[in-house]
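Welcome, and please have your viewer ready with the model loaded. We will go from stop to stop, with something to select at each one.

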Amino acid sequence: MASLQHTSINTTVLCKKGAISVVGVSALPSSLPRFRTIVGFARGNTPTFPRINVQDPYRRLGVSRDASEKEIWSSRNFLLAQYAPHERSAESIELAFEKLLMDSFIRTKKRKINLKSMLKKQVQESPPWFKNLLGFVEVPPTVIILRRLFLFAFIAGWSIMNSAETGPAFQVAISLGACIYFLNGKKKSLAKASMIGLGLLVAGWICGSFLVPAIPAALLHPSWTLELLTSLVAYVFLFLGCTFLK
């Protein structure tokens, strides 16, 4: 109470429809900054966004033209925390924020389109043999890729778990059957699907026979045999063939 001595405060409180205004406040002590703020708001002195009329949305939010979405969100939240009580300031900040988000979305979409155009151009400029090779390849929907990846990963894990007992012969047969089944759905010919499936298995087994011995023994589990590791490489060939070949 000592800090309030010799302080004269003349106030007139007007109440109308629930609104209260304070006038005639004088000699307010500096030890009461919180009370000063309350009085300022009561008088209508709400902080106003200084860049409220700036036309450029980047300058209005105070971010660069290559700002990321995270930076745009941070600037918007920071400014609203200060100027949200002032309605026009909050509207100005939100309008600039929405404009920048839309610009960021358009830039991202253009980058994706440019990337597709670049890839298409590279394919068009590639040698004829590469174009012919791509003619045998297709990219199925993501859900199909994930399902088949899960199936062959399960078979690989099954082979590893039972390698010490019976070897992977049974699992290799199942993976070959699954590959032929998927290929038959594309080729509509069991004979063609069987030939391609067997070719993929042989190619994977041959590559595995050369690749596995080159792997340092320190990286391999002691119980993993050459047959098991070669079968894992064959599973990769079978998965890729039944998933991405036309």
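Which residues does threonine 243 touch, not counting residues up to four places away in sequence? Select Glu138, Pro140, Ile145, Arg148 and Lys186, and you have them; a contact here means heavy atoms within 4.5 Å.

Before going further, a word on what is on screen. This is a predicted model, with residues numbered from 1 along each chain as its sequence is written. Local features need pLDDT of at least 70 and side-chain atom pairs count only at pLDDT 80 or more, while totals for chains, interfaces and linings use all residues, and side-chain values use heavy atoms, with hydrogens and water left out.

**Stop 1: the overall layout**

Colour by secondary structure. The protein has 9 helices and 2 strands; helices (H or I, at least four residues) and strands (E, at least two) are DSSP runs, numbered from the N terminus. Going from the N terminus, the order is β-β-α-α-α-α-α-α-α-α-α. Of the 246 residues in the protein, 29% are buried, where buried means under 20% relative accessible area, exposed over 50% and partly exposed in between, with a 1.4 Å probe and protein chains only. Among contacts with a separation of 6 or more, 58% join residues 24 or more positions apart.

**Stop 2: back to threonine 243**

Threonine 243 is in helix α9, residues 226-244. Its relative accessibility is 0%, so threonine 243 counts as buried. Show its side chain and look for the backbone oxygen of phenylalanine 239, which that side chain reaches at 2.7 Å. This is a polar contact: a pair of N or O atoms within 3.5 Å, where within protein one must be able to donate a hydrogen and the other to accept it, and residues adjacent in sequence count only if both atoms are side-chain atoms.

**Stop 3: helix α6**

Next, select residues 142-161, which form helix α6. Its end C-alpha atoms are 28 Å apart, in agreement with the 28 Å that its 20 residues should span at 1.5 Å a residue; the expected span is 1.5 Å times one less than the number of residues. Now show the buried residues of α6: Ile145, Arg148, Phe152, Ile155, Ala156 and Ser159. They lie on the same side of α6, because they cover an arc of only 100° around the axis, taken from the directions from the helix axis to the C-beta atoms. Helices α7 (169-187) and α9 are among what covers these buried residues of α6. Turn to the other side of α6 to find Thr142, Leu146, Arg147, Phe150 and Met161 exposed.

**Stop 4**

In α8, select Ala193, Gly197, Leu200, Leu201, Gly204 and Gly208, which are buried. These too cover an arc of only 100° around the axis, which puts them on the same side of α8. The buried residues of α8 pack against α7 and α9, while the face turned away from that buried side carries the exposed residues Ala191, Lys192, Met195 and Phe210.

From here, go to threonine 230, found in helix α9. With 2% relative accessibility, threonine 230 counts as buried. Leaving out residues up to four places away in sequence, threonine 230 touches Gly204, Trp205, Gly208, Ser209 and Val212.

**Stop 5: the nonpolar cores**

Which residues have the most contacts inside the largest nonpolar core? Select Phe152, Cys179, Leu183, Leu201, Tyr235, Leu238 and Cys242 in this core of 23 residues. A nonpolar core is a set of buried Ala, Val, Leu, Ile, Met, Phe, Trp, Tyr and Cys residues joined through side-chain atoms within 4.5 Å. Helices α6, α7, α8 (190-211) and α9 each supply at least two residues of this core, and α9 gives the most, with 8 residues. A second, separate core of 15 residues includes Phe49, Leu61, Leu79 and Ala96.

**Stop 6: valine 137**

Finish at valine 137, in the loop between α5 (128-134) and α6. Valine 137 is partly exposed, with a relative accessible area of 36%. Its C-alpha and that of leucine 245 are 4.7 Å apart in space, although valine 137 and leucine 245 are 108 residues apart in sequence. Aside from neighbours within four places in sequence, valine 137 is in contact with Phe244 and Lys246.
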